Amino acid sequence: MGRYAIFISAITTIFTYSTLGFPAALNRFTVTYKERKQLENLKNFLTTGFIIFLAAELTITSILIILYYTTGFTPKFLNIEPYIITLIIVSLVAITQIFSTMCYVIASALQNSRYYAIIMIMRVFLQIPFGFLFVVFLNLGVFGLILGLLLSEFIVALYSFYYLVKDVGIGKFSWEEGKAMLSFSVPGYIAAIFISSFDLGLKVFVDYVFPAEGKEIIALYQYGALAVVNILLVAGNLFRVVYRPIIFKYFEQKKYREIQTLTITISKLFTITIVFSAIFLFAFSPLLIPFLTKSSYLSSISVIPILMLSTIIGYLRTLITYGHTLYYKNYWNAIAAITAIIISAIIGYFIIPTLGLIGLGLVYLSLTSIQFFILFFVSQHYFKVKFEIKLIIKILVLCGVSMGTGIIFNVTIFSFSEHSLIYSFLLSSFIYIIGIFPLRLIGKKDIEFLKSVIKTYINIIKSKNSLEKKNSKKKNRH
């Protein structure tokens with residue numbers, strides 16, 4: 001199964017590098033063309049985006065084949081023999097997946113989940129019989145799983161293609177649509193590549209600065225602190241399910257007041273929810289780290305609050321800094337990312353050798369904070385959202401009081417207990433929840449809205465969990 005996992009990783013890698021951000025652009029332009037009733041433009045956009053993806057995919061595959069035959073080079077994420085055949089299959093699977101991706105993105109942008117559900121169900125029910133055929137009956141082992149995946153993805157692609165043609169149609173290649181797609185998506189695509197490269201470079205720098213304990217610091221960050229912090233992704237994703245498409249839709253309909261109301265409501269509920277989640281998780285981090293990883297990673301607790309704050313700021317960026325995207329000024333994403341990387345690299349150069357793990361956390365905090373502030377002011381320039389200052393002050397006061405109480409109790413009353421952190425910040429989270437009501441941070445409308453968001457997210461999680469369980473059972477059988 002390790003080889004199969006590598007194969008899946010290879011598909012993900014090549015697909016990511018080939019898309020050039022096409023799905024993100026499709027998410028934006030689908031709403032625009034739908035609201036403006038410009039179906040022909042949407043047709044051309046789909047066709048053009050696919051052709052550009054196909055060209056990028058073939059280019060990457062050709063380069064890898066040439067490198068293999070001239071230098072013998074094979075990437076680490078694709079070390080399965082026979083290499084060339086595997087590479088070709090990986091490319092074919094990635095090509096089939098672009099159809100289901102386009103189908104899902106359009107369904108998501110138009111807030112219609114039936115395509116996504118059917119695609120997921122098809123994948124499960126096709127991979128199981130094909131896996132049995134190739135692995136058990138024909139005794140092809142891991143290569144049988146790969147063939148089963150290819151065949152099932154091909155059938156799903158045909159299904160997706162049928163509905164794309166039925167509901168949208170086939171357009172023509174358009175240089176105008178191609179330029180629009182690339183100008184919108186490539187800056188974000190470049191930003192993502194730069195940030196992932198910076199993340200890798202930062203770890204290499206830590207290992208270089210600390211020859212003896214560099215790998216230990218990286219492990220504490222990666223497997224200790226992040227194991228706890230990543231749980232916040234659940235709280236964060238609650239508010240990202242269909243948020244951006246609704247904003248785009250309101251903008252095309254010129255419902256600016258609705259955008260204002262939705263943004264304030266979402267950002268308020270998000271902040272209240274995720275700050276409570278962060279305090280609560282931090283309280284139980286001494287138990288979560290040994291449960292999720294190893295007890296030896298307990299010393300990573302000190303950097304968890306910094307990484308949690310970084311995560312919260314990163315999520316806030318996606319929720320409230322969208323003004324420039326409304327006007328297709330996505331190049332600001334690349335500018336913000338590159339600026340943040342340069343400044344954070346300079347900060348890291350000076351503080352990591354002194355502060356080690358804490359310095360590493362502060363570099364990530366500076367990275368997300370600089371991106372946030374740049375994009376916030378840029379976003380406000382293009383589309384001003386009037387945030388309630390009193391509301392922000394109330395939330396900050398509540399955070400200060402609750403977390404300050406936790407810190408004081410941790411170093412005084414509970415300082416002699418081995419569970420000091422748990423007792424102190426559990427009390428802190430309790431004070432935080434109680435304080436919401438006298439400060440009137442949440443009203444009845446907010447509660448009803450939050451219930452609907454949670455219900456939507458739970459339904460999505462259930463469908464994903466069901467899919468994962470079925471895939472797990474299938475893999476165990478093989």
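# A tour by selection

Arg 440 sits in the loop between helix H18 (420-436) and helix H19 (444-477). Select it to start. Its phi is near 55°, a positive value in a residue other than glycine. Arg 440 counts as exposed, because its relative accessibility is 73% and the cut-off for exposed is over 50%. Keep in mind that this is a predicted model.

Now select Lys 37. It lies in the loop between helix H2 (22-35) and helix H3 (39-71). Lys 37 is not a glycine, yet its phi is positive, about 55°. Is Lys 37 buried or exposed? It is exposed, with a relative accessible area of 76%.

**The whole chain**

Zoom out and show the cartoon. The protein chain has 19 helices and zero strands. It holds 478 residues, and 49% of them count as buried. Take the contacts with a separation of 6 or more: residues 24 or more positions apart account for 80% of them. Switch to a surface. The protein chain exposes about 23900 Å², with 69% of that supplied by carbon and sulfur atoms.

**Two kinked helices**

Select residues 175-209. This is helix H7, with 35 residues. From first C-alpha to last, H7 reaches 48 Å, close to the 51 Å expected at 1.5 Å a residue. Where is the kink in H7? Go to Ser 185: a kink of about 35° lies there, shortly before the proline Pro 187.

Next, select residues 331-355, helix H15. H15 has 25 residues and spans 34 Å between its first and last C-alpha, close to the 36 Å expected at 1.5 Å a residue. Centre on Tyr 349. H15 bends by about 35° at Tyr 349, and the proline Pro 353 follows within four residues.

Colour H15 by burial. Its buried residues include Ala 336, Ala 337, Ala 340, Ile 341, Ser 344 and Gly 348. An α-helix has 3.6 residues a turn, so residues three or four places apart point the same way. What do the buried residues of H15 pack against? Show H7, helix H14 (323-326) and H16: these are the partners. Then step past the end of H15 to Gly 356, which follows the helix and has a positive phi, near 60°.

**The second largest pocket**

About 990 Å³ of space lies in it. Its lining is made of 31 residues. Select Thr 271, Leu 309, Ile 312, Leu 316 and Leu 396, which lie nearest the centre of this pocket.

Now colour by helix. H11 (256-283), H13 (304-320), H16 (357-382) and H17 (389-411) each supply at least two residues of the lining of the second largest pocket. Which helix gives the largest share of this lining? H17 does, with nine residues.

Thr 265 is buried because its relative accessible area is 16%, below the 20% cut-off. Show its neighbours. Leaving aside residues up to four places away in sequence, Thr 265 touches Asp 446 and Phe 449.

Finish at Ser 108 in helix H4 (residues 83-109). Ser 108 counts as buried, at 18% relative accessibility.

How values were computed
Residues numbered from 1 in each chain as written. Predicted model: local features only at pLDDT ≥ 70, side-chain atom pairs only at ≥ 80, totals over all residues. Heavy atoms only, no water. Buried < 20%, exposed > 50% of the residue type's maximum accessible area, 1.4 Å probe, protein only. Contact = heavy atoms within 4.5 Å. Areas by Shrake-Rupley, 256 points an atom, 1.4 Å probe, with all protein chains shown as cover. Expected span 1.5 Å × (residues − 1). Bend = angle between axes of the 7 residues up to and from the residue. 1 Å grid on protein atoms, 1.4 Å probe; cavity = no way out; pocket = protein on both sides within 12 Å on 5 of 7 lines; lining within 4 Å. Points joined across faces, edges and corners; volume = space filled by probe spheres on them.
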